[in-house]
Amino acid sequence: MEMKGKDLICTQDWSLEELEQTLRVAHDMKKNRYADKYTDLLKHRTFLMFFYNPSVRTRQSFEAAATELGGHAQFLEPKSMRLKTKHSAGETIEDAANVMSRYAVGLGIRILEDKIAAYGDGDRLLREYAQYATIPIVNMADDRFHPCQGLADIMGLQQRLGTNLKRKKLLMVWGQGALARSWGSIQENLLISSRFGMDVSLAYPEGYDLDPEVIEMTKANCKTSGSSFNITNDLVEGYHGADVVYSRNWMSPAAYASGEFDKAGEVKKAMQIDGWTCNEEKMKLTNDGLYIHPMPVDRGNEVTDAVASGERSIIVDVAENRLHVQKAVMGLTMSDQRIVL
Ligand code: CP
């Protein structure tokens, strides 16, 4: 399967076979972390990273990934570039993408939350880079999707539940808190979990609907893979029989109504809602369910310490998997060498 040159903006853009191959490589890269067959896949090559927003895991894991593949990952805050924006003259995406393509073998971009003026702007920016760049563009989290996180989630579930996740029940549930998080991680998880045949249950308080297009894609994925999908506004119902619980705060669809990210308004609204913390009592209703979260965790709000640090929590394993899946993505899409398992 030839994957060299592919962009990764959302897992939905890749075939199921490509996702499965990436995960097979990631599992092998974890098992044989420093094996010779992997340590020069990107020898002397550079991966560029544009971070409009802060990061801990994504930046560190991409830097470590490039190092372990024999290359280097280079960090840049786009505010130090002279880019054309709605408010200022400057370099176009076309020019930036063309020039970066001469320096490196791949370009990662993160843009979300306060760095965009309308929902979808971040994802559109990545796709514009992809249109002009001749190297792979990797989404390091935008306002709609977070593909490396989605792959790491599935790898973590496979490690505990087996490679075949068909008909395992996932509860994706809104979490209390004052973070007004973007939809990228959760929407990516809905899409990839449904591709892998999981039964998906989505629970949130009224007023916290997600992107209708992503919901339709998730429903279609479930239909194709023979699994189920349902939405509830009940804060407990979805826990019954769940094999996996993913609790996470997210912003409402009104977050950009004013033409900019209204974080204060979102926080005020969210703080009036009670009862949506994932705790041990609710986890007792599950099928000895695993707890998953992309981190950073808002402990005491999205989830209690007892659950986040409990024996069924896989949050740290999933964070580690970011390294392995990103190595796999970079090796498969950016290396001149063929990976043999
Ligand atoms: N999960 C994740 O993307 O973490 P960071 O925001 O720390 O990169």
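The protein is divided into domain 1 (11–145 + 319–334) and domain 2 (151–314), with bounds that come from an automatic or database domain assignment. This is a predicted model, in which local features need pLDDT of at least 70 and side-chain atom pairs count only at pLDDT 80 or more, while totals for chains, interfaces and linings use all residues. Residues are numbered from 1 along each chain as its sequence is written, and side-chain values use heavy atoms, with hydrogens and water left out. Helices (H or I, at least four residues) and strands (E, at least two) are DSSP runs, numbered from the N terminus.

**Domains and nonpolar core**

- The C-alpha centres of domain 1 and domain 2 are 25 Å apart.
- Contact (heavy atoms within 4.5 Å) links 30 residues of domain 1 with 30 residues of domain 2.
- The largest nonpolar core holds 105 residues, and Ile109, Tyr129 and Trp250 touch the most other members. Helix 12 (residues 315–334) provides the largest share of this core, nine residues. Because domain 1 and domain 2 both give residues to this core, it lies between them.
- A nonpolar core is here a set of buried Ala, Val, Leu, Ile, Met, Phe, Trp, Tyr and Cys residues joined through side-chain atoms within 4.5 Å. Buried means under 20% relative accessible area, exposed over 50%, and partly exposed in between (1.4 Å probe, protein chains only).
- In soluble globular proteins, nonpolar side chains tend to be buried together.
- Not counting residues up to four places away in sequence, Ile109 touches Phe50, Tyr52, Leu125, Leu126, Tyr129, Ile137, Val138, Asn139, Met140 and Ala141.

**Largest pocket**

- The space in the largest pocket comes to about 880 Å³. A pocket is an open set of points on a 1 Å grid over the protein atoms alone, where a 1.4 Å probe fits, with protein on both sides within 12 Å along at least five of seven lines. Grid points are joined across faces, edges and corners, and the volume is the space filled by probe spheres set on the points.
- Its lining consists of 27 residues, and Tyr52, Thr85, Ile111, Lys115 and Leu125 lie nearest the centre of the pocket. Lining residues have an atom within 4 Å of a point.
- Helix 4 (93–103) and helix 5 (121–132) each supply at least two residues of this lining. Helix 5 gives the most, with seven residues.

- Ile292 lies in strand 9 and counts as buried because its relative accessibility is 0%.
- Leaving aside neighbours within four places in sequence, Ile292 is in contact with Asp153, Leu157, Val244, Val245, Tyr246, Ser247, Ile314, Ile315 and Val318.
- Ile292 and Lys84 are separated by 208 residues in sequence and by 39 Å in space, C-alpha to C-alpha.
- His293 is placed in the loop between strand 9 (290–292) and helix 11 (305–308). With a relative accessibility of 0%, His293 also counts as buried.
- The side chains of His293 and Glu302 are joined by a polar contact of 2.8 Å. A polar contact is a pair of N or O atoms within 3.5 Å; within protein, one must be able to donate a hydrogen and the other to accept it, and residues adjacent in sequence count only if both atoms are side-chain atoms.
- A polar atom of the His293 side chain lies 2.8 Å from the backbone nitrogen of Met295.
- Beyond four places in sequence, His293 touches Arg181, Ser247, Arg248, Glu302 and Ile315.

**Backbone geometry**

- Most residues other than glycine have a negative phi, and most peptide bonds are trans.
- Met295 is not a glycine, yet has a positive phi of about 65°. Met295 is partly exposed, with a relative accessible area of 22%.
- Met295 and Pro296 are joined by a cis peptide bond, with omega about 0°. Pro296 is found in the loop between strand 9 and helix 11.
- Glu113, also not a glycine, has a positive phi of about 45°. Glu113 is found in the loop between strand 3 (106–111) and helix 5 and is partly exposed, with a relative accessible area of 23%.

**His146**

- The loop between strand 4 (137–142) and helix 6 (147–161) contains His146, which counts as buried at 5% relative accessibility.
- Not counting residues up to four places away in sequence, His146 touches Thr58, Arg110, Asn139, Met140, Ala141, Gly184, Ser185, Glu188 and Arg322.
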